[in-house]
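Please open the model in your viewer and keep the sequence panel beside it.

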Amino acid sequence: MDTCLTLLVNFQGYACDPPPFVLAGMTDAIKVAVRVRPLSKQERENGHSFAWNVQANCISPVDSRDSRYTLDHVFGPNWTTHRIYEATTQPLLHKVISGFNSTVFAYGQTSSGKTYTMRGTPEDAGLIPLAVNEIFALIESCQDREFLLRVSYMEVGGKHLDAASSWVLDALQSKVGKALASSLFLHACSWT
């Protein structure tokens, strides 16, 4: 069986009591999505095939008729990261500007596509760089408000936690410029 599944979880909720004008029709929510990544060149050359059937927002193992999982979103191998961003992460950013806290995290086996989905490549940006670009564009469009932006990034299980965290710091520093870069910091953490 292949390891092509990445679980994406979105959470939104207010940091404090929501403003009264936002209460109508807005509630805290957790959305769960799965991305089935495309097979790698090596997997294709070795004759591997997909172990999962994707149909709308349902996924099931190819070798089982009884197991079927229904989620908020199921993204097949033909979905681009940008389309996944538009369906899962972009809507959260507009709510962040209204006072929501939001979290997006990826979970999955080694080689399931978590880093590719979150970071992307220079040619195909991941969820993090897409979100950084958009949040700063949204902030710039709100000239009548002041924002305090706090961002956390952690790669659990990675061998290079500091390198992973500094990658996010570099992305943020490129957006805020030299004037604000001195107020950004990297907080290294460890666990046993």
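What percentage of the 192 residues in the protein do buried residues make up? Buried residues make up 31% of them, where buried means under 20% relative accessible area, exposed means over 50% and partly exposed lies in between, with a 1.4 Å probe and protein chains only. This is a predicted model, in which local features need pLDDT of at least 70 and side-chain atom pairs count only at pLDDT 80 or more, while totals for chains, interfaces and linings use all residues. Residues are numbered from 1 along each chain as its sequence is written, and side-chain values use heavy atoms, with hydrogens and water left out.

**The whole chain**

Begin with a cartoon view, in which six helices and seven strands can be traced; helices (H or I, at least four residues) and strands (E, at least two) are DSSP runs, numbered from the N terminus. Read along the sequence, they follow the pattern β-β-α-β-β-β-β-α-α-β-α-α-α. Of the contacts between residues at least 6 apart in sequence, 59% join residues at least 24 apart, a contact being heavy atoms within 4.5 Å.

Select Ser60 next, which is found in strand β4 and counts as buried at 15% relative accessibility. Leaving aside residues up to four places away in sequence, Ser60 touches Ala51, Trp52, Asn53, Ser67 and Arg68. One of these, Ala51, is in the loop between α1 (residues 41-45) and β3, and it counts as buried at 11% relative accessibility.

Now move to Ala56, in the loop between β3 (52-55) and β4 (58-61). Ala56 is exposed, with a relative accessible area of 66%, and its phi is near 55°, a positive value in a residue other than glycine.

**The aromatic pair**

Show the side chains of Phe75 and Trp79, which form the one aromatic pair that the structure holds. Their ring centres are 4.7 Å apart and their planes stand at 65°, so the pair is edge-to-face; rings of Phe, Tyr and Trp (its six-membered ring) pair if their centres lie within 6.5 Å, and planes under 30 degrees apart count as stacked, over 60 as edge-to-face and the rest as tilted. Phe75 counts as buried at 1% relative accessibility, whereas Trp79 is partly exposed, with a relative accessible area of 26%.

**Helix α2 and the cores**

Which residues of helix α2 (residues 81-88) are buried? They are Thr81, Ile84, Tyr85 and Thr88. These residues cover an arc of only 105° around the axis, which puts them on the same side of α2, the arc being that of the directions from the helix axis to the C-beta atoms. An α-helix has 3.6 residues a turn, so residues three or four places apart point the same way.

From Tyr85, go on to the largest nonpolar core, which has 13 residues and in which Tyr85, Leu93, Ile97 and Ile135 have the most contacts. A nonpolar core is a set of buried Ala, Val, Leu, Ile, Met, Phe, Trp, Tyr and Cys residues joined through side-chain atoms within 4.5 Å. The largest share of this core, eight residues, comes from helix α5 (residues 127-141). Ile135 touches Leu93, Val96, Ile97 and Leu149, not counting residues up to four places away in sequence. A second, separate core of seven residues includes Val36, Trp52, Leu71 and Val74.

Stay with helix α5 and select Leu127, which counts as buried at 2% relative accessibility. The C-alpha atoms of Leu127 and Thr88 are separated by 9.2 Å, although the two residues are 39 apart along the chain.

**The loop between β7 and α4**

For the last stop, select Ser111 and Ser112. Ser111 lies in the loop between β7 and α4 and has a phi near 70°, a positive value in a residue other than glycine. Ser112 lies in the loop between β7 (100-107) and α4 (114-119), and it counts as buried at 1% relative accessibility. A polar atom of the Ser112 side chain lies 2.7 Å from the backbone oxygen of Gln109.

Terms used
A polar contact is a pair of N or O atoms within 3.5 Å; within protein, one must be able to donate a hydrogen and the other to accept it, and residues adjacent in sequence count only if both atoms are side-chain atoms.
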